[in-house]
Each structure stands twice: as structure tokens, then as C-alpha cells.
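Subject: Structure for you to look at

Hello,

Here is the structure for you to look through. My notes on what was found follow below it.

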Amino acid sequence: MSQLTPESAIKREDSPCDDVLIKVQDLKVHFPVSSGLRFWDKSELVKAVDGVSLTVQRGETLGLVGESGCGKTTLGRTLLRLLEATEGNVYFDGLNITQANRNELREFRRKAQIIFQDPYASLNPRMRVGDIVGEGLKIHGLASGQKQREIVMEILNRVGLREDHFDRYPHEFSGGQRQRIGVARALIFQPRLIICDEPVSALDVSIQAQILNLLEELQGDFS
């Protein structure tokens, strides 16, 4: 029987339901603001996220609705700890992400990915598609060379791209195709959680349905 050390006991929480994938408790993200020529004043804050609590079950899709600037993107990035929380806790499979160390975060990032809102700004224009999608495999030491190429080819096919797209650059693709590249990059680890930051808002209406249908289909395949 495994035992928890005092440190890990702080970082973990026994979930009351095994189907809960991610649990957020009273999450707050505040940013200090400056006034005129003064230095940053911590007494003046922008409360981008202020007391959000939610749970997401395994295989569930949860949508957040709100006007522009209400904190949806900030919340999504904080769940992945791309931004640091001011207060509150985020549990993923019982692990408190807000207190996780470097090794725990490295493992977590293989299980949780993000699809960014802007398919133009989120892809490195100097990298080929195959390198963009497969970069995570190389960073985590999971595959390289021909094996990496084979895995990337398979993912590209799953999102509706062709094998000859592997060696092309992002500027050679349409907005919808670029977002498919972003989806492929997010899927390379077959993650258990994907944060979608308005993944179709920058696309034409005719393309939005294609991307949404693709995400729904892939959710069924990877669940």
C-alpha cells in the first residue's frame, strides 16, 4: 500500500468521485496595475479571475460563456499553470497543480494541452509543420527521427491533413488548416484534458463548423 509524505499530502486531495478529472476551488488571478508614472502598485489590482469553482468529469465538455475580457482565457491558462494563481487550488486527478513541482508539472503537461485562439499567432512561422506538431515528443524524450515522423504523420491524418503537409510552413496554409495543425499539436500526447481557448472565433463561419465537428469526433476517439 502506498503512503503519502507530508509534502505530497498537501498537494493531493482524495476525490469524492473517481470520474472527476479536474476540480477548481475558489480560483483567483489578480494582476497589479500601474497609474501614471508610478511603479507597480499591488494595492491596485485587476481581478481577471475572482473566485471561480468548477469540476469537469472525464469525457465531459464544459463551456464557459462570457463577454470579451471577462477572464476566460486567463482561467484556461491558469488551469494549465501557464499563469500563476493568486489564490485557490486546481486539482487534476487529485494532484494540486498550483503547488506542483517541476517534475510533477512536466508529467502534467503530457496529460493536459491547449488549443490557442489565434491560428496565425500560435504557430512559429520559421518551423515546419512536422517540427511544430512533433516538438513535444522531442522535448519529453518520447520519440525522435523516423519514429517521431511516423507519430506526427498519423496525427496529421487524424485531423484531416495530408502527409505532404509535414514539410510545409504555416504561411502556406489557410486559417482552418492552421487550426487543424494546432489541434494536431495538442493531440500528440493523447492528453486527457484539452483547454480550447475560443478555437474557432478567428475563423470564417464556413470553417468553424468543420473544426467543431473535428473536435467532437476526436473527443469520441480519444475518450
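Are helix 4 and helix 6 roughly parallel or roughly perpendicular to each other? Helix 4 and helix 6 are roughly parallel, a label for angles under 35 degrees, while angles over 145 count as roughly antiparallel, 65 to 115 as roughly perpendicular and the rest as oblique. Their axes cross at roughly 25 degrees and come within 7 Å. Axes here are lines fitted to C-alpha atoms, for helices over the stretch in contact, with angles running from 0 to 180 degrees between N-to-C directions.

Before the rest, some ground rules. This is a predicted model, in which local features need pLDDT of at least 70 and side-chain atom pairs count only at pLDDT 80 or more, whereas totals for chains, interfaces and linings use all residues. Residues are numbered from 1 along each chain as its sequence is written, and side-chain values use heavy atoms, with hydrogens and water left out.

**Overall layout**

The protein chain has 7 helices and 6 strands. Helices (H or I, at least four residues) and strands (E, at least two) are DSSP runs, numbered from the N terminus. In order from the N terminus, the elements are α-β-β-α-β-β-α-β-α-α-α-β-α. Of the 223 residues, 38% count as buried, where buried means under 20% relative accessible area, exposed over 50% and partly exposed in between (1.4 Å probe, protein chains only). Among contacts with a separation of 6 or more, 67% are between residues 24 or more positions apart; contact means heavy atoms within 4.5 Å.

**The cores**

In soluble globular proteins, nonpolar side chains tend to be buried together. A nonpolar core is a set of buried Ala, Val, Leu, Ile, Met, Phe, Trp, Tyr and Cys residues joined through side-chain atoms within 4.5 Å. The largest one here has 29 residues, and V133, L156, V159, I181, V183 and I188 have the most contacts inside it. Helix 4 (129-139), helix 5 (145-158), helix 6 (175-187) and helix 7 (205-222) each supply at least two residues of this core. Helix 6 gives the most, with 5 residues. Leaving aside neighbours within four places in sequence, I188 is in contact with V133, L137, I151, V152 and I155. A second, separate core has 22 residues, including V29, L75, L80 and V90.

**Helix 4 and its partners**

The buried residues of helix 4 are V129, G130, I132, V133, G134, G136 and L137. These buried residues pack against helix 5 and helix 6. On the helix 6 side, V129, I132 and V133 of helix 4 meet I181, A184 and R185.

How do helix 4 and helix 5 compare? Their packing angle is about 120 degrees, with the axes 9 Å apart. That makes helix 4 oblique to helix 5. From helix 4, V129, G130, V133, G134, L137 and K138 meet Q148, I151, V152, I155 and L156 in helix 5. Q148 counts as buried because its relative accessibility is 11%. Not counting residues up to four places away in sequence, Q148 touches G134, L137, K138 and A143. Just after helix 4, G141 takes a positive phi of about 65 degrees.

**Helix 6 and helix 7**

The axes of helix 6 and helix 7 come within 10 Å and cross at roughly 20 degrees. That makes helix 6 roughly parallel to helix 7. The contact involves G176, Q179, R180, V183 and L187 of helix 6, and I207, Q210, I211, L214, L215, L218 and F222 of helix 7.

Strand 5 runs parallel to strand 6 (residues 193-196), and 4 bridges join them; two strands pair if DSSP finds at least two bridges between them. I114 stands opposite I195 in strand 6.

In helix 2 (residues 72-79), the buried residues are T74, L75, G76, T78 and L79. Just after helix 2, R81 takes a positive phi of about 60 degrees.

Regards
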